[in-house]
Amino acid sequence: MISSSSVSASRLILARSFATSAKMAHSALDEMTESGAFNRSPSIFRNFISKDKASQFPAESGRYHLYISYACPWASRCLSYVKLKGLDKAISYTAVKPIWERTKETDQHFGWVFPSNTEEPGAEPDPLNGAKSIRGLYELASSNYSGKFTVPVLWDKKLKTIVSNESAEIIRMFNTEFNDIAENADLDLYPPHLQKMIDEVNEWVYDLINNGVYKCGFAKKQGPYNEAVAKLYQALDKCEEILGKQRFICGNALTEADIRLFVTLIRFDEVYAVHFKCNKKLLHEYPNLFNYTKDIYQIPGMSSTVNMEHIKKHYYGSHPSINPYGIIPIGPNIDYSSPHDRERFGP
C-alpha cells in the first residue's frame with residue numbers, strides 16, 4: 001500500500017517539475033503563449049497505412065498495435081474506430097495508467113506510463129517492447145526525438161517503429177484502409193458526399209470545442225480565458241441548434257465529425273466544467289446535446305471506450321498547477337445509458 005505521505009511527495013515533485021519545464025521534456029503545459037493562451041503543437045509522426053500491399057505500411061491483420069489512454073480524447077477517438085469498424089481482431093491495443101508519473105529516473109519529466117503489473121484496472125504493461133512509458137516508445141522509434149510524448153501511438157510490430165501519433169489521420173486509416181479485414185467494412189464515417197461538410201464541421205469543432213476546453217483550462221490570464229470560454233459556448237449553442245433539426249451533426253447518419261465531438265462532450269460535465277472552468281452551462285442543460293451524447297454512447301462498442309474512472313483520475317491528478325491537491329470530485333456520475341429522444345429523427 002502506498003502511504004499518503006508518499007503520494008503527497010510525488011505530487012510535490014510533479015508540481016515542481018512543471019514549474020521548471022526547461023529541465024524536462026516538452027509537455028502540453030508548456031504550450032503557452034506570452035499572452036497566457038494555450039497553443040497546441042502539431043504531431044510529428046505522420047506515416048500512413050495503406051491497403052496497397054506494396055506500401056511501406058500495408059494494412060495487415062495483427063501487424064499494428066494502438067497505444068492509448070482512456071483519459072485522452074484524441075486517443076479515445078482512435079479506439080472508437082477500432083470498435084465501430086470491427087477491427088478488434090486486426091488491431092490490438094494497450095492502455096496506459098491514467099495519472100502521469102515520472103517517465104525516467106534521470107530527469108523530471110512526467111507523462112504516460114505503463115503499470116508494472118495489473119495494479120491499475122484498465123491499464124496493462126507494454127506487451128510488445130516492455131517499455132516503461134510512452135516516452136520509451138518514442139525513443140525506440142527515434143533516438144533524437146525532442147517533441148511531446150503523446151497518445152495515441154500507432155505502432156508497427158514488424159518494423160518496430162511508430163507509424164503515426166496523429167489521431168485525425170489514424171481514424172482515416174481505420175475508416176478505409178482495413179476494409180478487407182474489418183468486420184464492419186460497410187460503415188463509412190467519411191463518405192464522399194459529406195466530406196466537405198465534415199471537414200468544415202471538424203475545423204470549428206476542433207478549434208472551439210475539442211481544443212477550446214483546453215484553452216479555457218490552461219489559460220494563465222483572465223483575458224485569454226474569457227475569450228476562449230465565450231467562443232466555446234457560442235460553438236456549443238451552435239451544436240444545440242443544429243441537433244434540434246437532425247440526429248447527427250452532419251445530417252441523419254453517424255460520421256467522423258460525431259466521434260470527434262463526442263469525445264469532448266462525454267468528458268464535459270465530469271471534468272471540463274470543474275477542472276477547466278467551463279461552467280457557464282453544463283452539458284445536461286442542453287437537451288439536444290445531452291441526448292445526442294447518450295445516443296452515441298449507446299452505439300454498440302462505444303461505451304467500452306469510455307472509462308470515466310481513468311478520465312477523472314487523469315485530469316484531476318495530473319495537472320497540479322490547476323488542482324494541486326489532486327482531489328477528485330465525487331460527482332456528477334451521469335448515466336449515459338439512460339433513454340434518449342434522438343429516434344425522433346429516424347434510425
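Biologist: Why is Arg63 counted as buried?

Modeller: Arg63 has a relative accessibility of 7%, and buried means under 20% relative accessible area, with over 50% called exposed and the range in between partly exposed (1.4 Å probe, protein chains only). Arg63 therefore counts as buried. The model is a predicted one, in which local features need pLDDT of at least 70 and side-chain atom pairs count only at pLDDT 80 or more, while totals for chains, interfaces and linings use all residues. Residues are numbered from 1 along each chain as its sequence is written, and side-chain values use heavy atoms, with hydrogens and water left out.

Biologist: What makes Asp156 and Arg63 a salt bridge?

Modeller: The closest N and O atoms of Asp156 and Arg63 are 2.8 Å apart; a salt bridge requires a side-chain nitrogen of Lys or Arg within 4 Å of a carboxyl oxygen of Asp or Glu, so the pair qualifies. The partners belong to distant parts of the chain, 93 residues apart: Asp156 is in strand β5 (residues 153-156), and Arg63 is in the loop between α1 (4-19) and β1 (64-68). These elements are DSSP runs numbered from the N terminus: helices H or I of at least four residues, strands E of at least two. Asp156, at 0%, is buried as well.

Biologist: Where in the chain do the partners Asp295 and Arg247 lie?

Modeller: Asp295 and Arg247 form a salt bridge with closest N and O atoms 2.8 Å apart. The pair joins distant parts of the chain, 48 residues apart, with Asp295 in helix α9 (residues 287-297) and Arg247 in the loop between α7 and α8 (256-275). Asp295 is buried at 6%, as is Arg247 at 9%.

Biologist: Are Glu227 and Lys231 buried or partly exposed?

Modeller: Glu227 has a relative accessible area of 45% and Lys231 one of 37%, so both are partly exposed. Glu227 and Lys231 form a salt bridge at 3.1 Å and both lie in helix α7 (residues 222-242), four residues apart, about one turn of the helix. In total the structure holds 21 salt bridges.

Biologist: How do you know on which side of α7 the buried residues lie?

Modeller: The buried residues of α7 include Tyr225, Val229, Leu232, Leu236 and Cys239. The buried residues of α7 pack against α5 (195-210), α6 (212-217), α8 and α9.

Biologist: Which residues line the largest cavity?

Modeller: The lining consists of Ser76, Ser80, Phe262, Val263, Ile266, Arg267, Thr305 and Val306. A cavity is a set of points on a 1 Å grid over the protein atoms alone where a 1.4 Å probe fits but cannot get out, and lining residues have an atom within 4 Å of a point. The largest share of the lining, four residues, comes from α8.

Conventions: Contact = heavy atoms within 4.5 Å. 1 Å grid on protein atoms, 1.4 Å probe; cavity = no way out; pocket = protein on both sides within 12 Å on 5 of 7 lines; lining within 4 Å.
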